[in-house]
Amino acid sequence: MNYNFGGLIALILAALVIVVIVIRNIRIVQQARAYVIEYLGAYKTTWNVGLHFKIPFLEKVAKVVSLKEQVADFPPQPVITKDNVTMQIDTVVYFQITDPKLYTYGIEQPMVAIENLAATTLRNIIGDLELDQCLTSRDIINTKMRAILDEATDPWGIKVNRVELKNILPPKEIQNAMEKQMKAERERREAILRAEGEKRAAILEAEGEKESAILRADAKKQQQILEAEGEAAAILKVQQATAEGIRLINEASPSEAVLRIKALEAFTTASQGQATKIIIPSEIQGLAGLATGVIEAAKDK
């Protein structure tokens, strides 16, 4: 009986050990990850996302690989340009593991390999360019480096998506010279803008004066036209009134005495003006003498 009880305990312990072993060999592969599996030290397969079971003691997970895009920021590297200027340039490489097997077995320390490859590639490219080209051709340098690194890392199961030059640091004396050059260029542009502004202001002022003169001349012209039209209208009214008066006189058929009296009235009105000489018609002279005689007779009375 004791023997059976001891055997039962051993059986239970063995079952527990088996359960623990089974549980410990169950693997759940997360999204964007891959497990490289070896069987007795040799590559067997690659587990992708999902539930997997590893044969105890015979299989092992050689490497867990992330399939996400990764960023490698390398420290500044000294490089020499074509015109013998030493600069410090640091690069940023964006890469992604596309083949976990090649990444695991293709090269030892792949990140160190990418860093050294990026440094040597950068030196080769910068060595063919002058300083000004290096400062203005970042996109060209990035494209060349990406193509070279992507081709070189294919046997390692790595795809290089982008390469960026983060900082380009020329020597201090060159930086000072560049700052002076930029300051002089800004001052030159400022002077040009100021001169253009003054020129534009002078043009606008001249155009304003021209338009004002035109408007003044236009106004004066209109005033003269209106005055002339007013004078013409006044003369026309006077002439119409005179014509109307003559018409009425003609219609009334005045006697010769009435006409002479009207002429005398007109003569009296004319004599009150500013004329220094007055020519008296002969027919009015007799009428004037008659009027004088009548006035003197009235005084004698």
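**Stop 1: Thr91**

Select Thr91 and show what surrounds it. Leaving out residues up to four places away in sequence, Thr91 touches Ala72, Asp73, Phe74, Ala118, Leu122, Met145, Glu164 and Leu165. Thr91 belongs to strand S8. Is Thr91 buried or exposed? Its relative accessibility is 3%, so Thr91 counts as buried. Keep in mind throughout the tour that this is a predicted model.

**Stop 2: the whole protein**

Zoom out and switch to a cartoon view. The protein has 301 residues, and buried residues make up 20% of them. The protein exposes about 21600 Å². Carbon and sulfur atoms supply 58% of that area.

**Stop 3: the largest nonpolar core**

In soluble globular proteins, nonpolar side chains tend to be buried together. Here, the largest nonpolar core has 32 residues. Which residues have the most contacts inside it? They are Met87 and Met145.

- strand S8, residues 86-97
- helix H3, residues 110-126
- helix H4, residues 131-136
- helix H5, residues 138-153
- strand S9, residues 158-169

Helix H3 gives the most, with 7 residues.

Now select Met87 by itself. Again, skip residues up to four places away in sequence. Met87 then touches Gln77, Pro78, Val79, Thr81, Ile126, Leu131, Cys134, Ile168, Leu169 and Pro170.

**Stop 4: the aromatic pair**

A pair of aromatic rings is described by the distance of the centres and the angle of the planes. How many aromatic pairs does the structure hold? It holds 1. Select Tyr43 and Tyr105 to see the pair. The ring centres are 5.9 Å apart, and the planes make an angle of 75 degrees. Planes over 60 degrees apart count as edge-to-face, so the pair of Tyr43 and Tyr105 is edge-to-face.

Tyr43 is in strand S3, residues 42-47. Tyr105 is in helix H2, residues 100-105. Tyr43 is partly exposed, at 31% relative accessible area. Tyr105 is also partly exposed, at 39%.

**Stop 5: a charge over a ring**

Select Arg162 and Tyr94. The charged end of Arg162 sits over the ring of Tyr94. The distance to the ring centre is 4.2 Å.

**Stop 6: a buried loop residue**

Go to Asn25. Where does Asn25 lie? Look in the loop between helix H1 (2-24) and strand S1 (26-29). Asn25 has 7% relative accessibility, so it counts as buried. The side chains of Asn25 and Lys54 are joined by a polar contact of 2.6 Å. Apart from neighbours within four places in sequence, Asn25 is in contact with His52, Phe53, Lys54, Ile55 and Pro56.

**Stop 7: two positive phi angles**

Most residues other than glycine have a negative phi. Select Leu40 next. Leu40 is not a glycine, yet its phi is positive, about 55 degrees. Leu40 lies in the loop between strand S2 (33-39) and S3. Leu40 is exposed, at 60% relative accessible area.

Finish at Asn84. Asn84 is not a glycine, and its phi is positive, about 60 degrees. Find Asn84 in the loop between strand S7 (77-80) and S8. Its relative accessible area is 66%, so Asn84 is exposed.

Methods: Residues are numbered from 1 along each chain as its sequence is written. This is a predicted model: local features need pLDDT of at least 70, side-chain atom pairs count only at pLDDT 80 or more; totals for chains, interfaces and linings use all residues. Side-chain values use heavy atoms; hydrogens and water are left out. Rings of Phe, Tyr and Trp (its six-membered ring) pair if their centres lie within 6.5 Å; planes under 30 degrees apart count as stacked, over 60 as edge-to-face and the rest as tilted. Helices (H or I, at least four residues) and strands (E, at least two) are DSSP runs, numbered from the N terminus. Buried means under 20% relative accessible area, exposed over 50%, partly exposed in between (1.4 Å probe, protein chains only). A charge sits over a ring if NZ of Lys or CZ of Arg is within 6 Å of the ring centre and within 35 degrees of the ring normal. Accessible areas come from the Shrake-Rupley method with a 1.4 Å probe; for residues, only the protein chains shown count as cover. A nonpolar core is a set of buried Ala, Val, Leu, Ile, Met, Phe, Trp, Tyr and Cys residues joined through side-chain atoms within 4.5 Å. Contact means heavy atoms within 4.5 Å. A polar contact is a pair of N or O atoms within 3.5 Å; within protein, one must be able to donate a hydrogen and the other to accept it, and residues adjacent in sequence count only if both atoms are side-chain atoms.
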